[in-house]
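Here is a set of questions to work through with the model open. Each answer ends on the value or name asked for.

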Amino acid sequence: MISEETLKRICNVFIGDEEEFYARKSGPQIVSFFNNYFKQDDSYGQGFPSRWIFVYNKLIMLFESNQIDEFFIIILSSKFLMKEHDCTQVDASEWSEKAYGYFNKLLKVDSYALAKSGNKVYLIEEDSDYELIGSGGFANVYYQKSTGLVVKKLKEDFLSDSGIRSRFKREYRITKELEDLEGIITVFDFNENEYSYSMERAEETLYGYIEKRTLPIDTKIKCIKIVLRIMKSVHERNVIHRDLSPTNIFILHGKMKIADFGLGKDLNMFTSHQTIHTQAVGQYYFCAPEQFMMLRDGDKRSDVYSLGRIINYVMTGNPVDSHHEFRSVAEKATNSDAAYRYESAGQLLGAFEKSVEYNATANKTDVAKRKIGSGIYDSDVEAYLYELSAKEICRNLITKLSKFDQALIRFMNDNDEKANHIIQSVESVYREECKTFESNDPIAKFACLVLKGNFSYTINETAAIILHNIAFDVNRFSAQHLVEEILDMGVEPMLEDILKSNSKQKWPMEMR
């Protein structure tokens, strides 16, 4: 039960003797209030008790008749407060929020609280009304039985940390400002006294949805598109999330909604804030590399990295496994160098939708090969190259598919990850794929092209090993000329040592 002291203070607030949320009320006015709203039959006259005692007794009566919620609904309504202060609805709403916060401050002493759901207000006993359903780095998440809502509360350990309090409130503020967008979780009231806020309750997370089901490809594509469209809208507001993962994408009444903008930042506001807490850099597998170093360095491309990992997770069940139909899109999105990623969720969405369209084309391989032969290098060609296995790469080189080697070099020039993927693929299978001596020649020519390019040492080293092997172990005369060509051009000393190794040996002409 609420203590006498707390009830007395609530009474004094209502009658206007404490704080300024309500106008001062005379005895007849108080009697009229309870007669009108609760069908009482009292009169004001001789022997009338102190005003607060009269209200106190009425509140006890409302408790016993389960009408106390109605009392708070009435006195916190804009309509009631407009009459109290003779003010506009906007001003009345502000008075309501202030009174609501103050009442909660008073009630907290007795482990009670007011909770809102729509236009309803509930007086709840906190310990019995909250059911713990989750716990994160800084906050606990509860199911509130009385309202059917979810309440996220900052852990007591962090209430004294002004930086974390600020971040927690920013999470609420950003989410509230985005609530007009489709696909953002709806949040309700922020409680300043205990640093908590309520939100709508979802049935499950995207993580649970994927883990519990075997989804057809069409459903996976639909899930990815929805998430990307939501984040496209968020990025168009110049807001970033910085903590995207399948565990904070929720499913509510069959619709996906994004929550937990705890690391979010409004890019229109300058900030030098950087958290020192390790939990605050996003979930490990979905967090962009730059955020592990400096959280403030995160931008839209950091969200793009997380979205790329989400694409992998939806497609394969593993955030780091990009072996799926949209590998080219996912790997560009998750490039370790942010400069090579898509600039925003909108750009990523466009690339993904184009990839979906491309993969639905029955003759996509023929289309890509024709473009390669015409010297065209675009997203269709890139997607085709991404999907090729090591054996297919070598076979296309061996059969001398028109301008295929040039397309590979263009592909490799994008970044070291792509370059390593191609040269290592070739090195791993070319020996078994070269069925004749002549079939080694185009592989050697490709290795020579790599060495003439502008690639890192590790990539050139692999190309040099391939070229040397074909020139002197397989003993291909044309490859030996390529070695001489590279040496004449000039290479790093260590590459020169690889290419020259055993190059003085004489080989039977018939092996050439």
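Q: In which helix do Arg 173 and Glu 177 both lie?
A: This is a predicted model, in which local features need pLDDT of at least 70, side-chain atom pairs count only at pLDDT 80 or more, and totals for chains, interfaces and linings use all residues. Residues are numbered from 1 along each chain as its sequence is written, and side-chain values use heavy atoms, with hydrogens and water left out. Arg 173 and Glu 177 are 4 residues apart, about one turn of the helix. Helices are DSSP runs (H or I, at least four residues), as are strands (E, at least two), numbered from the N terminus; the helix here is H8, residues 162-177.

Q: How far apart are the closest N and O atoms of Arg 173 and Glu 177?
A: Side chains of opposite charge can pair when their charged atoms come close. A salt bridge needs a side-chain nitrogen of Lys or Arg within 4 Å of a carboxyl oxygen of Asp or Glu. Arg 173 and Glu 177 form one, with the closest N and O atoms at 3.2 Å.

Q: Is Glu 433 buried or exposed?
A: Glu 433 meets Arg 395 in a salt bridge, 2.8 Å from N to O. Glu 433 lies in helix H19 (residues 416-433) and Arg 395 in helix H17 (residues 390-398), so the pair ties together parts that are 38 residues apart in sequence. Buried means under 20% relative accessible area, exposed over 50%, and partly exposed in between (1.4 Å probe, protein chains only). Arg 395, at 43%, is partly exposed, whereas Glu 433, at 9%, is buried.

Q: Which residue meets Asp 378 in a salt bridge?
A: Asp 378 is partly exposed, with a relative accessible area of 23%. The N to O distance in the salt bridge is 2.7 Å, and the partner side chain is that of Lys 371.

Q: How many salt bridges does the count come to?
A: Some join into a network: Asp 17, Arg 24 and Arg 51 are linked in this way. The count for the model comes to 34.

Q: What span does helix H22 reach from its first C-alpha to its last?
A: H22 covers residues 477-489, which is 13 residues. The expected span is 1.5 Å times one less than the number of residues.

Q: Which helices do the buried residues of H22 pack against?
A: Ala 479, Gln 480, Leu 482, Val 483 and Ile 486 are buried in H22. They cover an arc of only 155° around the axis, so they sit on the same side of H22; the arc is that of the directions from the helix axis to the C-beta atoms. Contact means heavy atoms within 4.5 Å. The packing partners are H20 (440-452), H21 (457-473) and H23 (493-500).

Q: Which residue just after H22 takes a positive phi?
A: The phi angle is about 100°. The residue is Gly 490.

Q: Where does Tyr 285 lie?
A: Tyr 285 is partly exposed, at 46% relative accessibility. With Tyr 284 and Val 320, Tyr 285 forms a nonpolar patch on the surface, with about 350 Å² of accessible area together. Tyr 285 lies in the loop between strand E12 (265-266) and helix H11 (289-293).

Q: In which strand does Leu 123 lie?
A: Leu 123 is buried, at 14% relative accessibility. Its contacts beyond four places in sequence include Ile 2, Phe 63 and Tyr 112. The strand is E2, residues 120-125.

How values were computed: Patch = residues over 30% accessible without salt bridge, like charges linked within 9 Å, V, L, I, M, F, W, Y side chains within 5 Å. Areas by Shrake-Rupley, 256 points an atom, 1.4 Å probe, with all protein chains shown as cover.
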